[in-house]
Amino acid sequence: MRWGSSALTLAAMLLSTHVFADPLQKSEDIVKFFAGQTGNLGAARGICVGTEEECKSKAEKTGSAAQKSGLDMMINFALDSAQLDQTARTELGEFAKALRDNRLSTFSFVVEGHTDATGPDQYNQDLSQRRAKSVAAFLEANGVQPARLEAIGLGKTHPRVADPYDPVNRRVEMRIRAE
């Protein structure tokens with residue numbers, strides 16, 4: 001885990017082949033990080049969950065100085081899949097626990113589904129929507145109120161990396177913003 005000086009960013013890259021990642025960010029740490037931040041989500045502090053290499057890679061690809069209006073948590077998927085693997089379920093379970101905490105009750109979430117460039121546009125749009133709904137359904141099943149979640153599919157229109165076929169583009173990102 002690494003605390004950076006970038007905007008409020010939490011990135012967890014959960015590749016289905018990446019079983020031996022560093023320990024999860026614990027829910028209490030997530031709660032503590034965001035408690036009292038509702039008025040200033042653009043503060044110049046960030047948190048990255050994942051291996052040190054993943055955090056450095058994310059900072060290089062997105063530009064650590066870029067300001068964001070919320071929290072990013074990436075959940076990656078296998079090709080042509082909207083199924084959450086065990087690693088994603090574990091990470092999302094810890095995240096859901098944090099979101100149920102009363103100290104974060106003023107937050108709402110946009111769950112954005114994405115795909116790589118493989119396949120036709122309409123299929124990718126539908127797959128990205130299924131991915132977002134899969135994550136939202138998991139969070140709801142773990143006690144997050146449905147009214148606090150909006151699942152949207154963005155297809156292949158917003159790749160995370162320059163190579164549109166890179167597996168890292170097959171993901172769901174959760175944007176957290178104060179209401």
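What share of the contacts with a separation of 6 or more in the protein chain comes from residues 24 or more positions apart? Hello everyone, the answer is 83%, where a contact means heavy atoms within 4.5 Å.

Before going on, a word about the model. It is a predicted one, where local features need pLDDT of at least 70 and side-chain atom pairs count only at pLDDT 80 or more, while totals for chains, interfaces and linings use all residues. Residues are numbered from 1 along each chain as its sequence is written, and side-chain values use heavy atoms, with hydrogens and water left out.

Let's start with the overall layout. The protein chain has 4 helices and 6 strands; these are DSSP runs numbered from the N terminus, with helices (H or I) of at least four residues and strands (E) of at least two. Starting at the N terminus, their order is β-α-β-α-β-α-β-α-β-β. Of the 179 residues, 48% count as buried, meaning under 20% relative accessible area, with exposed over 50% and partly exposed in between (1.4 Å probe, protein chains only).

Now to the inside. The largest nonpolar core has 24 residues; such a core is a set of buried Ala, Val, Leu, Ile, Met, Phe, Trp, Tyr and Cys residues joined through side-chain atoms within 4.5 Å. Leu84, Leu92, Val135, Leu139 and Met174 touch the most other members. Elements giving two or more residues include helix H1 (27-34), strand S4 (107-113) and strand S6 (171-178), and H3 gives the most, with 6 residues. Leaving aside residues up to four places away in sequence, Leu84 touches Ile75, Phe77, Arg89, Leu92, Ser134, Val135 and Phe138.

How do H3 and H4 pack? Their angle is about 55° and their axes are 9 Å apart, with axes being lines fitted to C-alpha atoms, for helices over the stretch in contact, and angles running from 0 to 180 degrees between N-to-C directions. That makes H3 oblique to H4, since angles under 35 degrees count as roughly parallel, over 145 as roughly antiparallel, 65 to 115 as roughly perpendicular and the rest as oblique. On the H3 side, Arg89, Leu92, Gly93, Phe95 and Ala96 meet Val135, Phe138 and Leu139 in H4.

Phe107 is found in strand S4 and is buried, with a relative accessible area of 1%. Asp80, in the loop between strand S3 (74-76) and H3, is partly exposed at 46% relative accessibility. The phi of Asp80 is near 60°, a positive value in a residue other than glycine.
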